[in-house]
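Welcome, and please open your viewer.

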Amino acid sequence: MLPSEEVNGPSVWECVHANPTVCIGMCLCWSSCLFTPRAVGDHVHSLLEVPSATDIRFTNVGADNMRVSWSPPASIDLTNFIVLYGPVTDVAHTNLTIHSSDNMVVLTDLQPGTNYMVQIISVIGERQSTPLIGTQKTAIDSPR
């Protein structure tokens with residue numbers, strides 16, 4: 001069934017494809033897509049939407065390092081994650097690329113007693129999710 005065919009009641013259409021990354025944009029691969037109607041109100045991800053990671057966690061926070069972990073989006077083949085971090089007062093941030101099978105990173109060479117903003121971005125090809133954002137202050141160096 002193609003989207004131009006009439007369906008009883010309001011509906012939206014979803015392209016169901018063995019390889020969803022083949023079927024993007026206006027779904028120019030009509031011959032290889034199976035369009036299925038969905039009732040209005042059902043949540044259907046846009047073919048261009050990349051789901052965000054969730055549940056950012058900060059552990060093992062030291063004066064110059066911290067461990068950051070997150071929950072990746074379920075049931076989707078990501079290319080990778082981008083982790084951006086830096087002091088909340090800075091415009092420039094450090095950019096790390098993390099493999100899609102990983103869901104944690106240890107940030108090092110941080111400044112003691114500094115509040116850091118960390119952004120986790122899910123990536124599929126050239127498309128990026130809305131960032132998952134968290135902040136965490138590093139510990140203060142203890143006198144030696």
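## A walk through the strands

What you have on screen is a predicted model. Begin with the whole chain in cartoon view. How many helices and strands does the chain have? There are zero helices and ten strands, so reading along the sequence gives the pattern β-β-β-β-β-β-β-β-β-β.

Of the 144 residues in the chain, 33% are buried.

**Stop one: the core.** Select Val68, Trp70, Val83, Leu107, Val118 and Ile120. These residues have the most contacts inside the largest nonpolar core, which has 20 residues. Next, colour the elements that give two or more residues to this core: β3 (54-59), β4, β5, β7 (104-107) and β8 (115-124). Which of them gives the most? That is β8, with four residues. As background, nonpolar side chains in soluble globular proteins tend to be buried together.

**Stop two: Val118.** Keep Val118 selected and show its surroundings. Leaving aside residues up to four places away in sequence, Val118 touches Ile56, Phe58, Val68, Val83, Leu84, Tyr85, Leu107, Leu132, Ile133 and Gly134. For the chain as a whole, take the contacts between residues at least 6 apart in sequence: 55% of them join residues at least 24 apart.

**Stop three: the aromatic pair.** The structure holds one aromatic pair. Select Trp70 and Phe81 and turn the view until both rings are clear: they sit edge-to-face, 5.3 Å centre to centre, with 70° between the planes. Trp70 lies in strand β4 (residues 66-71) and Phe81 in strand β5 (residues 80-87), so the pair ties together parts that are eleven residues apart in sequence.

**Stop four: the salt bridge.** The count comes to one salt bridge. Select Arg57 and Asp55, whose side chains meet at 2.6 Å, N to O. How exposed are the two partners, and what are their relative accessible areas? Arg57 is partly exposed, with a relative accessible area of 30%, and Asp55 is also partly exposed, at 44%.

Key: Residues numbered from 1 in each chain as written. Predicted model: local features only at pLDDT ≥ 70, side-chain atom pairs only at ≥ 80, totals over all residues. Heavy atoms only, no water. Phe/Tyr/Trp six-rings, centres within 6.5 Å; stacked < 30°, edge-to-face > 60°. Salt bridge = Lys/Arg side-chain N within 4 Å of Asp/Glu carboxyl O. Buried < 20%, exposed > 50% of the residue type's maximum accessible area, 1.4 Å probe, protein only. Contact = heavy atoms within 4.5 Å. Core = buried A, V, L, I, M, F, W, Y, C linked by side-chain atoms within 4.5 Å.
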